[in-house]
Amino acid sequence: MTSPEEAAVTVEAGPPVVAAAEPTVAVRHVTRTFGEVTALSDVSLDVAPGSFVSLIGPSGCGKSTLLRVIADLLEPSSGEVVVAGKTPHRARTDRDYGMVFQKATLFDWRTVRRNVELPLELMGWDRTRRRARADEMLALVELTDFAKHRPAQLSGGMQQRVAIARALAFSPKLLLMDEPFGALDEITRERLNLELLDIWTKTRTTVVFVTHSIPEAVFLSTDVVVMSPRPGRVLRRIPVDLPRPRDTGTRELDRYFELVTEVRETLRGAGLL
């Protein structure tokens, strides 16, 4: 698990993708400290239902810290976080979110299908029901033919697809992703970007996505939140108005290059590039 990083964050919500009275994630004036180090200072962030929000910035800017506070893996030192209308702890125990890390964290002694079944098993689903759901999720990530394989028999990209299937198996309202493709080669990464967008389009699960890649953030997102290093602030929230559905041709659009440049220039203006 990546160590928490430090930053200060303040950002308003982008336009909701679907009409809803309440955001899926509401962070209100949250501060998080580690000893004498302030990681997050007076953070406010709304994430609308059905949106895909990417957090981008240099190493040490607090992206993972913010994600972990939302996930109830870290407690805020002050302030409030609401996930799906609940405290983060209640949302976690109620399985309102799934999480995917940079490493797939699969269990080698379980088959691919049984890895996907694991959260359903912990929730008490009977064998027939959880197997049917696991097979449905493996079809979604196009790994039906590998259900009986062990994780060690899969490529890194395939393992991440299994991790995504497992995280979505119980239909969470929110998917938290901490640099899930960061360790993959560029060709595999671009292909998984397309597959993730296809999954997101089909499920409309709200996503908060941490990345260091400017092109990835622009290609995937409804909004890109650009963060500065500690003790920084959010430099800018950039709505991404690229047409959907997005495909390989999206990366050739003038507007795509304009948005990539906009994010890059925001970082450069802060002395980060």
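## Val 218 and its contacts

In this predicted model, Val 218 touches Val 224, Val 240, Leu 242, Arg 246, Tyr 256, Leu 259, Val 260 and Val 263, where residues up to four places away in sequence are not counted. A contact here means heavy atoms within 4.5 Å.

Residues are numbered from 1 along each chain as its sequence is written, and side-chain values use heavy atoms, with hydrogens and water left out. As the model is a prediction, local features need pLDDT of at least 70 and side-chain atom pairs count only at pLDDT 80 or more, whereas totals for chains, interfaces and linings use all residues.

## Nonpolar cores

The largest nonpolar core has 52 residues. Val 218 is among the residues with the most contacts inside this core, together with Val 116, Ile 164, Met 177, Leu 196, Phe 209 and Val 263. Helix α5 (residues 156-168) gives the most to this core, with 7 residues. A second, separate core has 29 residues, including Val 53, Leu 66, Val 69 and Val 83.

A nonpolar core is a set of buried Ala, Val, Leu, Ile, Met, Phe, Trp, Tyr and Cys residues joined through side-chain atoms within 4.5 Å. Buried means under 20% relative accessible area, exposed over 50%, and partly exposed in between (1.4 Å probe, protein chains only).

## The sheet

An open sheet is formed by 6 strands in the order β5-β6-β7-β3-β8-β9, with mixed pairing. Its edge strands, β5 (97-100) and β9 (234-239), each pair on one side only. On average, neighbouring strands of this sheet are turned by 15 degrees against each other, direction ignored. Two strands count as paired if DSSP finds at least two bridges between them. Strands (E, at least two residues) and helices (H or I, at least four) are DSSP runs, numbered from the N terminus.

Strand β3 (residues 52-56) is mostly covered, with 5 of its 5 residues buried. Phe 52, Ser 54 and Ile 56 point one way from β3, while Val 53 and Leu 55 point the other way. β3 pairs in the parallel sense with β7 (residues 206-211) over 5 bridges, and 4 bridges join β3 to β8 (residues 223-227), also parallel. Ser 54 stands opposite Phe 209 in β7, and its bridge partner in β8 is Val 224. Strand β6 (residues 174-178) runs parallel to β7, joined by 5 bridges; here Met 177 stands opposite Phe 209.

## Helices on the sheet

Helix α5 lies across β5 and β6 and runs at about 165 degrees to β5. Helix α6 lies across β3, β6 and β7, at about 165 degrees to β7. Axes are lines fitted to C-alpha atoms, for helices over the stretch in contact, and angles run from 0 to 180 degrees between N-to-C directions.

Asn 193 lies in α6 (residues 186-203). Asn 193 counts as buried because its relative accessibility is 3%. Beyond its neighbours within four places in sequence, Asn 193 is in contact with Phe 181, Glu 216, Phe 219, Leu 220 and Arg 251.

## Whole chain

The protein chain has 8 helices and 9 strands. Of its 273 residues, 53% count as buried. Among contacts with a separation of 6 or more, 71% are between residues 24 or more positions apart.

The accessible surface of the protein chain comes to about 12,300 Å², of which 51% belongs to carbon and sulfur atoms. Accessible areas come from the Shrake-Rupley method with a 1.4 Å probe; for residues, only the protein chains shown count as cover.
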